[in-house]
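Here is a short briefing on helix packing and backbone geometry. Keep the structure open while you read.

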Protein chains: 2
Amino acid sequence: MDIALLGGTGDIGEGLALRWAADTDHGVIVGSRDAGRAREKADEYEAELASRGIDRPIAAEENVAAAARGDVVVLAVPPYHVRDVVADIADEVADAILVNPAVGISRDETGFNYDKPSIGSVTELVADAAPDADAVVGAYHNLPAGRLADLDDDLGMDTLIVGDEDAKSIVADLTDEIEGLGTLDAGPLANASQIEALTPLLLTLKQYNEELTDVAVQFS
Amino acid sequence: MDIALLGGTGDIGEGLALRWAADTDHGVIVGSRDAGRAREKADEYEAELASRGIDRPIAAEENVAAAARGDVVVLAVPPYHVRDVVADIADEVADAILVNPAVGISRDETGFNYDKPSIGSVTELVADAAPDADAVVGAYHNLPAGRLADLDDDLGMDTLIVGDEDAKSIVADLTDEIEGLGTLDAGPLANASQIEALTPLLLTLKQYNEELTDVAVQFS
């Protein structure tokens with residue numbers, strides 16, 4: 001399976017690229033608005049993997065070309081870019097599963113808050129903007145990017161996932177192939193706001209608890 | 001310190017009563033609308049503790065009398081009773097810290113949702129209804145009642161806490177004295193809605209993941 005990581009040059013994209021390359025045989029395509037920047041980061045990821053004895057090519061493309069190559073396309077872009085990126089790729093993803101990890105967050109004097117889009121959630125906004133996509137799944141909202149990108153970290157954390165059963169099952173399987181990462185089903189797309197709202201809570205906890213630098217959550 | 005558990009005959013109240021009695025020397029007072037029912041459950045808790053070699057008296061009172069005896073008063077009552085119970089005890093808690101674990105939750109076809117009161121949260125509603133209380137703290141919303149009440153369970157879970165610094169510190173210390181239970185600061189009372197919203201998410205996860213029968217959450 002080929003996994004395209006749009007915005008794969010930063011934040012959560014880097015961690016997912018490294019983990020899928022290290023732990024699975026799936027094709028990994030790093031996307032960026034700038035193809036040169038995508039290649040530069042893909043080279044970095046290859047070097048990081050090589051330093052651990054993993055010889056693994058990472059593809060690099062401009063976002064639209066990356067999306068066209070992906071069976072699964074992860075929108076690892078800043079939330080305020082999601083709508084534009086999805087508009088750009090909407091014609092390229094007819095057979096793909098789109099995965100949205102983006103969350104709208106605002107900050108006030110006491111902490112971080114979930115900026116709920118009027119349509120219900122960022123994930124539903126993606127589904128609305130890409131009506132021809134095979135399916136849209138919400139996942140990875142609550143993963144700590146720094147720990148995900150640090151291959152010395154054993155993770156031991158869960159991510160929550162929403163969407164149609166078939167698509168969700170494919171994304172859950174891909175996710176479970178990453179060692180130390182688990183998935184929990186949070187129901188259909190209509191529940192996306194519930195899992196998106198967890199991210200600002202984690203940031204608020206980080207703000208008030210200095211021992212929580214890159215907060216992960218585990219359910220048991 | 002004396003801890004009064006209003007609604008201490010059921011749900012989260014039973015677990016907190018047993019744990020504080022088992023793990024600390026603090027006075028534990030079980031409150032109920034019916035004093036006889038409170039005594040009956042307190043006898044049960046004493047028997048449960050005795051069966052584990054712990055000889056420990058548990059006091060029992062009608063809710064208002066229990067509140068008058070508590071330095072810390074936990075509102076372990078159903079959310080739709082919180083307002084009435086607080087109105088009943090408001091004159092008795094001038095020197096007490098009120099702790100609210102109640103959350104308003106509704107259910108629809110896809111899962112559980114947070115019923116956010118117009119004042120912001122159930123915890124802020126309590127603060128509004130008991131203006132003479134020493135302080136109001138939100139805590140214990142996200143604890144699995146069954147596991148808390150099972151003294152064979154090692155817990156290993158966190159609860160999130162909001163409120164004024166001084167009161168929060170006292171409640172956090174009391175909580176940390178329960179083995180296996182940790183607290184994380186979620187900021188001032190204004191953040192109560194964030195921690196209350198975690199509870200319906202846990203119920204939704206329970207609905208979709210059969211291995212999660214009594215969901216606990218841990219942050220790291």
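Predicted model: local features only at pLDDT ≥ 70, side-chain atom pairs only at ≥ 80, totals over all residues.

**The α4–α5 pair in chain B**
- The crossing of α4(B) and α5(B) is right-handed.
- On the α4(B) side, Val82(B), Arg83(B) and Val86(B) make the contact.
- α5(B) contributes Val122(B), Leu125(B), Val126(B) and Ala129(B).
- By class, this contact has 6 nonpolar residues, 1 charged residue and no polar ones.

- Val82(A), Val85(A), Val86(A) and Ile89(A) are the buried residues of helix α4 (residues 79-89) of chain A.
- These residues cover an arc of only 100° around the axis, so they sit on the same side of α4(A).
- Tyr80(A), Arg83(A), Asp84(A), Ala87(A) and Asp88(A) are exposed on the other side of α4(A).
- The buried residues of α4(A) pack against β1, α3, β4, β5 and α5 of chain A.

**Positive phi in chain B**
- Most residues other than glycine have a negative phi.
- Asp11(B) is not a glycine, yet has a positive phi of about 50°.
- Asp11(B) is in helix α1 (residues 11-23) of chain B and counts as exposed, at 58% relative accessibility.
- Tyr140(B) also has a positive phi, near 70°.
- Tyr140(B) is in the loop between β8 and α6 of chain B.
- Its relative accessibility is 2%, so Tyr140(B) counts as buried.

Terms used
Residues numbered from 1 in each chain as written. Chains lettered and ligands numbered in written order. Heavy atoms only, no water. Left-handed = near helix turned anticlockwise from the far one by under 90°. Helix = DSSP H or I, 4+ residues; strand = E, 2+ residues; numbered from the N terminus. Contact = heavy atoms within 4.5 Å. Nonpolar A, V, L, I, M, F, W, Y, C, P; charged D, E, K, R; others polar. Buried < 20%, exposed > 50% of the residue type's maximum accessible area, 1.4 Å probe, protein only. Arc of directions from axis to C-beta.
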